[in-house]
Amino acid sequence: MTYEVGTKVKLTGNAKVTEQTVVTGSGAGTYSQERGVERVSTTFATLTGALYLAEDLEGVVTVARDAESAVAEAKEMLASYDKAVSEGMAPQEELRAGLARSVTEAGKIPTTYTVRFDNGLILEGFGGDLLTTA
């Protein structure tokens with residue numbers, strides 16, 4: 001099932017937070033929580049065990065990233081590179097080839113979602129199989 005931005009969703013089961021599900025902030029071990037207009041960032045030194053989000057935790061989809069939008073982003077990066085070269089930047093063929101490959105590869109990615117949960121955590125990388133409409 002696909003979800004539009006703004007859709008209220010909930011987790012279909014306990015969801016383990018891994019390297020593939022990135023908590024927003026300045027890096028691993030950091031999370032951000034918003035309270036009104038105030039933004040609070042906290043860094044914790046080390047997690048001694050796995051971090052899970054509980055089944056039925058509700059939130060709102062804030063970003064839906066599908067293959068079409070990923071291809072558009074990759075094409076935009078390639079166009080920016082080509083424009084920079086036309087404006088005098090020295091061409092770098094390996095870089096251009098990598099950008100061209102990213103256009104092809106982007107068409108293969110599954111749809112993922114960024115969700116702002118009611119507890120304040122904002123996580124990206126959720127597949128549709130972990131979510132259901134709340």
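The dialogue below goes through confidence, layout, sheet, helix and cores.

Guide: Start with the ground rules. This is a predicted model, where local features need pLDDT of at least 70, side-chain atom pairs count only at pLDDT 80 or more, and totals for chains, interfaces and linings use all residues. Residues are numbered from 1 along each chain as its sequence is written, and side-chain values use heavy atoms, with hydrogens and water left out.

Visitor: What does the protein chain average in pLDDT?

Guide: pLDDT is the predictor's confidence in each residue, from 0 to 100. The protein chain averages 76, and 76% of the residues score at least 70. Over residues 21-45, pLDDT stays under 50. The model still has 46 contacts (heavy atoms within 4.5 Å) beyond four places in sequence for that stretch. Where pLDDT is low, predicted coordinates should not be read in detail.

Visitor: Which strands does β8 join?

Guide: Two strands pair if DSSP finds at least two bridges between them. Strand β8 (residues 112-117) runs antiparallel to β7 (residues 58-65), with six bridges. R65 stands opposite T112 in β8. Five bridges join β8 to β9 (residues 122-127), also antiparallel. There, T114 faces E124 as its opposite residue in β9. β8 and β9 form a hairpin with four residues between them. G120 in that turn has a positive phi of about 100 degrees.

Visitor: Is T114 buried or exposed?

Guide: Buried means under 20% relative accessible area, exposed over 50%, and partly exposed in between (1.4 Å probe, protein chains only). T114 counts as buried because its relative accessibility is 11%. Beyond four places in sequence, T114 touches V60, V61, T62, V63, I122, L123 and E124. Across the protein chain, buried residues make up 27% of the 134 residues.

Visitor: How do I read a helix face?

Guide: An α-helix has 3.6 residues a turn, so residues three or four places apart point the same way. Take α2 (residues 93-106), where L99, V103 and A106 are buried. Seen down the axis of α2, its buried residues fall within an arc of 85 degrees, so they line one face. That arc is taken from the directions from the helix axis to the C-beta atoms. These buried residues pack against α1 (67-86). On the other side of α2, E93, E94, R101 and T104 are exposed.

Visitor: Which residues touch the most other members of the largest nonpolar core?

Guide: In soluble globular proteins, nonpolar side chains tend to be buried together. A nonpolar core is a set of buried Ala, Val, Leu, Ile, Met, Phe, Trp, Tyr and Cys residues joined through side-chain atoms within 4.5 Å. The largest has 15 residues, of which L11, L53, V115, F117, L123, F126 and L131 touch the most other members. β1, β2 (15-17), β8 and β9 each supply at least two residues of this core. β8 gives the most, with three. A second, separate core of eight residues includes V71, A74, L78 and L99.
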